[in-house]
Amino acid sequence: MNKLESVVVAKMKDLDSLCDAFSGCHAVFHTSSFLDPHGITGYSEQMAFLETEGARNVIEACGRAAYRRRCIFTSSLLASTWTSSNLDRVIDESCWSSEEFCRENKLWLALGKMRAEKIAWRKSKEMKVKLVTVCPGLLIDSSFPHDHKETSFPYLKGGSIMLRQGLLALADVGKVAEAHVRVYEAMDNGAYGRYLCFERVVQRLDEAIQLENELKIQGLLSEGTSRIISEEIQSNLSNSKLNRLLFAAPHMSCNQ
């Protein structure tokens, strides 16, 4: 905190307070997410609505008040992975989760992140904001692995299906933060669009059980899958676009 020049408190629902906060900024990093720790899954359909409205306000305030109209927007890998027909294709930045599929299966975090990112793209064109989005997998911090249960639970709804389909990807929170900075630094040199961000995909049952133990969510991923998963799971997830960008920054790399 001692390294921060200043701290400004703004409300996501209050456009004027966001404009005040963004006044004079060269870029806005929108990393916030809604969470209901008292809910059954930590994220509800109402949270998805609030996520979308918050994104709309952030982009509008960025367009109105920022010195340079730039936004680095944290979305989620979930905004790209949940469809009913993606098993045989590469999952990359061109893919979007299906709103109908998310609603039918009550995948509220995926719905919220997908809708928020899409409204951010629409609003950025309207407000002439230069936007890039980073879409990380499940955030993990090895320095305190047991403290992620509340934030991980909404992401892992449907986790056993993600595991079987090779879509359960992990991202170290420190490297995700650094990826945001690298994308921002590259905005003058061609960084554009969306970037899927993850380090590795969980491809074996023992890895899934280890993750369950670390998060204290025993059985959430592995229950009922031991007979189905007998060998390494194949994954069609691709983070090659981000890797190409990071390859130009020699002090950081992200494994495929």
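Modeller: Here is a walk through the sheet and then the helices. This is a predicted model, where local features need pLDDT of at least 70, side-chain atom pairs count only at pLDDT 80 or more, and totals for chains, interfaces and linings use all residues. Residues are numbered from 1 along each chain as its sequence is written, and side-chain values use heavy atoms, with hydrogens and water left out.

Okay, the sheet: it's open, with four strands in the order β1-β2-β3-β6, and the pairing is parallel. (Strands are DSSP runs of E, at least two residues, and helices are runs of H or I, at least four, numbered from the N terminus; two strands pair if DSSP finds at least two bridges between them.) β1 (28–30) and β6 (193–197) sit at the edges with a single partner strand each, so one side of each has no neighbour in the sheet. From one strand to the next, the twist averages 15°.

Now zoom in on β2 (residues 70–74) and β3 (residues 130–136): five bridges join them. Arg70 stands opposite Lys130 in β3.

What lies across the strands? Helix α2 (residues 45–65) lies across β1, β2 and β3, at about 160° to β2. Helix α5 (residues 108–127) lies across β2, β3 and β6, at about 165° to β3. Contact here means heavy atoms within 4.5 Å. For the angles, axes are lines fitted to C-alpha atoms, for helices over the stretch in contact, and angles run from 0 to 180 degrees between N-to-C directions.
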